[in-house]
Amino acid sequence: MSALAPAAAHYTAADFSEETWWLSLIKAVFIIVFLILNVLLALWVERRGLGRMQTRPGPNVAGPLGLFQAFADAVKLLFKEDMWTRRAERFLYFLAPAIAAFAAFSVFAVIPMGPNVSLFGHSSPLQLADMPVATLYILAIASLGLYGIVLGGWSTRSTLPLYGAVRSSAQVISYELAMGLSLVSVFLMSGTMSTSQIVAAQGQYWWVFTLFPAFVIYCVSATGEVNRLPFDLPEAEGELVAGHMTEYSSMKFGWYYLSEYVNMLNVSAVATTMFLGGWHAPWPLSQVEFLASGWMGMVWFFLKMWFFMFLLIWTRATLLRFRYDQFMALGWKWLMPIALAWLVMVALVRGLTQFVTVSAPVLYGSVAVVFLIALVVIWVTDPGEEPAHDPADEEYTGFADGFPVPPLPGQSPVASPRAGRAAAAAAGGTSPASPHEEGSDE
């Protein structure tokens, strides 16, 4: 459960004192290549994983085990015909996918992927940059990516993309609040918002164990933030065709597609940094010097990030899409109050630790258990909504509030006048007259 270090030096914050401009340039290029390669890997893992979970082979023709399928799709998007609607706002139409991609690639700039190592004779951390408010930078960039979706839906001057853009804006606002509140408890425990210092603060214990309710809230909120099943309402195929991406083709669609998977990597990396100890090796491997320092930190970071990626893929294969009212009720009626209540409890316990000598993990673990028990009691004792009225008890007239509506389950449809005339004519042994014949004076 703990990540005890063999030496305290392994858990210091990033040191940029020997950083040079060309080292930063190399790191920036590496991050872009790293993300693109991981997207290709994610496409293959998701397709093969979903295939296994749904008892089907998945891609298995393009290359060995279908490894080249993602490359084939990328080539297809590059050479596909580029088109757009005549009424589109041309500048914003082209700018929107660029904003989405730029925001997606910018988050990894402050993610610590490893400790200080020797790079071309310089001691440099495996991190592009850090700042005292690095986590706020992540939340700000995530909010900026929303403009790419909203402008993409609005600039097409089309109905379904606009619906998808509006849905996405409401979704991101709702779930970003809960996600931010879940991270505040991490700030309180770590005493900082610097990503490298948050990782350093988890040298003894990972926050996923002491702040488990916050981790669960983050997982749910992050899934809604990246528009993944069961929360992919902005691009619901059965309702909006493809949401804000409906009128996009070729590489403009490819940029949206790429940014979605990069955002999956982003939320996975943030979860790793904030709750899973970052690049720290898990116990008892953290007791081995070789496995807990140097370049091995990047290996542990990669494995933890892909653990969270697998959870996102597994969720997509398991759960069905929510209705929009259920989705918003989950965010505002459950996640937000629970996140606020947990934040207050963490703040109170954080204050008590200044006067009580109880071990912090034991104290926060006890609070988490009490908090989860309270949630279960509230859920069990909640009376819920009143049972809906049985539609079969109401007489179906064909109209509701002045609008024609189809019959609900249990209701019998109203017989048409023509069917009534046909039944009467059959009983009288005559042929039914048409409406024109009935109204004729001849």
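This report covers the nonpolar cores, aromatic pairs, salt bridges and a surface patch of a predicted model.

## Basis

Residues are numbered from 1 along each chain as its sequence is written, and side-chain values use heavy atoms, with hydrogens and water left out. In this predicted model, local features need pLDDT of at least 70 and side-chain atom pairs count only at pLDDT 80 or more, while totals for chains, interfaces and linings use all residues.

## Nonpolar cores

The largest nonpolar core has 77 residues, and F108, Y218 and F275 have the most contacts inside it. Helix α10 (residues 250–274) gives the most to this core, with 10 residues. A second, separate core of seven residues includes A88, Y93, A96 and Y248. A nonpolar core is here a set of buried Ala, Val, Leu, Ile, Met, Phe, Trp, Tyr and Cys residues joined through side-chain atoms within 4.5 Å. Buried means under 20% relative accessible area, exposed over 50%, and partly exposed in between (1.4 Å probe, protein chains only). Helices (H or I, at least four residues) and strands (E, at least two) are DSSP runs, numbered from the N terminus.

Leaving aside neighbours within four places in sequence, Y218 is in contact with M179, S182, L183, V267, V270, A271, F275 and F308. Contact means heavy atoms within 4.5 Å.

## Aromatic pairs

Rings of Phe, Tyr and Trp (its six-membered ring) pair if their centres lie within 6.5 Å; planes under 30 degrees apart count as stacked, over 60 as edge-to-face and the rest as tilted. The count by this rule is 21 aromatic pairs. One of them joins F108 and F301 edge-to-face, at 6.4 Å centre to centre and 85 degrees between the planes. F108 is in the loop between α3 (90–106) and β1 (116–119) and F301 in helix α11 (residues 296–318), so the pair links distant parts of the chain, 193 residues apart. F108 is buried, at 0% relative accessibility, and F301 is buried with a relative accessible area of 0%.

The rings of Y175 and F231 form a tilted pair, because their planes lie at 40 degrees, with centres 5.8 Å apart. Y175 belongs to helix α5 (residues 159–190) and F231 to the loop between α8 (212–225) and α9 (237–240), so this pair ties together parts 56 residues apart in sequence. Both Y175 and F231 are buried. Ring pairs also link F30, F34, F108, F301, F302 and W306 into a cluster.

## Salt bridges

Side chains of opposite charge can pair when their charged atoms come close. The structure holds five salt bridges, each a side-chain nitrogen of Lys or Arg within 4 Å of a carboxyl oxygen of Asp or Glu. In the bridge between R47 and D73, the N to O distance is 2.7 Å. R47 lies in helix α1 and D73 in helix α2 (residues 69–79), so the pair ties together parts 26 residues apart in sequence. R47 is partly exposed, at 28% relative accessible area, whereas D73 counts as buried at 19%.

E260 and R228 form another bridge, with their closest N and O atoms 3.8 Å apart. E260 is buried at 14% relative accessible area, and R228 is buried at 3%. E46, R228, E260 and R316 are linked in a network of salt bridges.

## Surface patch

W21, L25, V29, V33 and L37 form a nonpolar patch on the surface, with about 540 Å² of accessible area together. Patches are made of residues with over 30% relative accessible area and no salt bridge: like charges are joined within 9 Å, nonpolar side chains (Val, Leu, Ile, Met, Phe, Trp, Tyr) within 5 Å. Accessible areas come from the Shrake-Rupley method with a 1.4 Å probe; for residues, only the protein chains shown count as cover. V29 lies in helix α1 (residues 21–53) and is partly exposed, at 46% relative accessible area.
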